[in-house]
Amino acid sequence: MVQCHMERLTASARILGFPDLPYSTADLVAAVRQTIDANGLRACYIRPLVYLAEGGMDLNIDSGRTHIGIAAWPWKDYHGAGTATDGIRINVSSYARHHPNVMPTKGKVAGNYVNSFLAKTECVRLGFDDTVLLDPQGYVAECTGQNLFVVRRGRIVTPPLSAVLEGLTRDTVVTLARDAGLEVGEESFPRDWLYDSDEVFACGTAAEVVGVREVDFRRIGGGGTGPVTRQIQSAYSAAVRGGHPRSPEWLDYVAAGAELRSLP
Ligand SMILES: Cc1ncc(COP(=O)(O)O)c(C=O)c1O
């Protein structure tokens with residue numbers, strides 16, 4: 001899966017108009033492994049960054065030189081202790097997701113995150129754990145750093161890719177759900193469905209799979225992490241920790257001395 005992340009990094013640079021990166025995907029995967037190994041990390045977040053330096057101050061991507069840095073640091077529950085079991089409380093943000101002709105929504109681009117910072121800061125100050133941004137047409141898009149799913153009338157539904165980041169966890173969840181014989185659809189839906197669904201959950205590399213127990217002060221299902229979410233959450237957790245039939249196909253391994261650590 002590191003390969004997929006590095007492919008998305010390369011694609012994001014291409015979308016922004018960077019010239020070809022000075023490193024291949026294989027080089028980047030190897031560098032990620034080395035960074036983790038050199039820092040002796042176990043559960044960690046990895047943040048590769050493509051940036052320009054040595055250029056003029058003229059806002060032209062062609063006038064700088066491309067550099068890549070990789071940071072990694074230890075990782076715990078993204079939304080805080082207990083949220084993996086209890087679920088999170090979210091609202092619908094006053095901020096909308098970018099129109100695709102304003103910012104490149106398919107690129108994982110640092111500048112896009114100003115939108116997420118604004119929305120996340122606002123919702124935390126209001127007392128929520130995270131927030132849902134609507135797309136420019138007013139349909140549900142995604143959370144600040146996670147894709148979103150609802151479980152409604154026996155189906156799992158997630159917004160189409162038009163205005164959201166093509167999350168690798170989203171893709172993983174769709175595969176795991178279909179593997180388990182669950183029906184998954186990709187379609188636009190209004191915020192009303194958030195209020196009128198049996199379950200809502202969010203997913204991303206940082207947050208993994210997290211249930212939503214409340215949206216805009218409306219309790220979802222039984223007010224905790226629902227059964228379908230729990231099923232997907234535990235399949236995902238097993239998959240990224242080496243205990244799922246899909247794990248060998250999806251994981252890369254970092255050797256640290258005699259110990260092998262898995263890497264989603
Ligand atoms: C806006 C946004 N949506 C969705 C995601 C989830 O993507 P992934 O599952 O690849 O981490 C992220 C992750 O950074 C994100 O920033």
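Biologist: Is the crossing of H1 and H2 left-handed or right-handed?
Modeller: In this predicted model, the crossing of H1 and H2 is right-handed, meaning that the near helix is turned clockwise from the far one by less than a right angle. Local features need pLDDT of at least 70 and side-chain atom pairs pLDDT 80 or more, while totals for chains, interfaces and linings use all residues. Residues are numbered from 1 along each chain as its sequence is written.

Biologist: And at what angle do the axes of H1 and H2 cross?
Modeller: The axes of H1 (residues 2-16) and H2 (residues 25-39) cross at roughly 125° and come within 9 Å, which makes H1 oblique to H2 (neither under 35, over 145 nor 65 to 115 degrees, on a 0 to 180 scale between N-to-C directions).

Biologist: Which residues make that contact?
Modeller: From H1 there are Val2, Gln3, Met6, Glu7, Leu9 and Thr10, facing Thr25, Leu28, Val29 and Val32 of H2 (C-beta atoms, placed from the backbone, within 7 Å). By class, the residues of this contact are 6 nonpolar, 3 polar and 1 charged, with Gly counted as polar.

Biologist: Switching topic, what surrounds the ligand?
Modeller: The shell holds Ser116, Glu142, Gly145, Gln146, Asn147, Leu165, Gly167, Leu168, Thr169, Arg170, Gly204 and Thr205 (C-beta, placed from the backbone, within 6 Å).

Biologist: Which helix gives the largest share of that shell?
Modeller: Helix H5 (residues 168-179) does, with 3 residues, and the shell as a whole has 8 polar, 2 nonpolar and 2 charged residues.

Biologist: How many helices and strands does the protein have?
Modeller: There are 8 helices and 13 strands (DSSP runs of at least four residues and at least two, respectively), and the C-alpha atoms fill a box of roughly 55 × 50 × 30 Å along the principal axes.

Notes
Contact = placed C-beta atoms within 7 Å.
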